[in-house]
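Welcome! Take a moment to look over the model, and then read on for a short tour of its surface and its fold.

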Amino acid sequence: KLCRKMEDSPARKFFENQPQYTMQGVVSFLRAEATRYEQDSSEWAREKRKLLDRIDALEEQCSAHKRIEEDLVERVKLLEFALAEERQHRFEVQSSQPTQMLTPSDSAPRPRRASRDPVVPGSRESTTA
């Protein structure tokens, strides 16, 4: 009766339905997993190197942009200093000269006649000359 109980037990039925592993099958599976792991590791290493190279390139580009920005800021400061000096110089020159009142006709440039222009008889210029 004891044997019969074991044959009919649910545990026995469960283990009968499970696949049967052999030593050769287990070793083959472990080799395949190790190969897959090595391939994944090498792929991750390649991807890591690629990303690190990209990071290096971006950091180099960023530092180049910072150097350009510093150079441009220095140039702006230099130009602002030169502009301030020029304004100071103009102010000193204007304050040292007496103030003259200009009429609108004085401020407009006068047209000049070229010396090659012929003098037309009867014109104002021919009578004054």
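**Charges on the surface**

Asp53, Asp56, Glu59 and Glu60 come together on the surface as a patch of negative charge. This is a predicted model, in which local features need pLDDT of at least 70, side-chain atom pairs count only at pLDDT 80 or more, and totals for chains, interfaces and linings use all residues. Residues are numbered from 1 along each chain as its sequence is written, and side-chain values use heavy atoms, leaving out hydrogens and water.

**The negative patch**

- Patches are made of residues with over 30% relative accessible area and no salt bridge, joining like charges within 9 Å and nonpolar side chains (Val, Leu, Ile, Met, Phe, Trp, Tyr) within 5 Å.
- A salt bridge is a side-chain nitrogen of Lys or Arg within 4 Å of a carboxyl oxygen of Asp or Glu.
- Glu60 sits in helix H3, which covers residues 23-96.
- Glu60 has a relative accessible area of 58%, so Glu60 is exposed (exposed means over 50%, buried under 20%, and partly exposed in between, with a 1.4 Å probe and protein chains only).

**The nonpolar patch**

- Tyr21, Val26, Phe29 and Leu30 make up a nonpolar surface patch, and together they have about 470 Å² of accessible area (Shrake-Rupley method, 1.4 Å probe).
- Tyr21 lies in the loop between helix H2 (10-17) and H3.
- Tyr21 counts as exposed because its relative accessibility is 70%.

**The whole chain**

- Buried residues account for 0% of the 129 residues in the protein chain.

Note on methods. Lys and Arg count as positive and Asp and Glu as negative; His and the chain ends are not counted. The place of a charge is taken as NZ of Lys, CZ of Arg, CG of Asp or CD of Glu. Helices (H or I, at least four residues) and strands (E, at least two) are DSSP runs, numbered from the N terminus.
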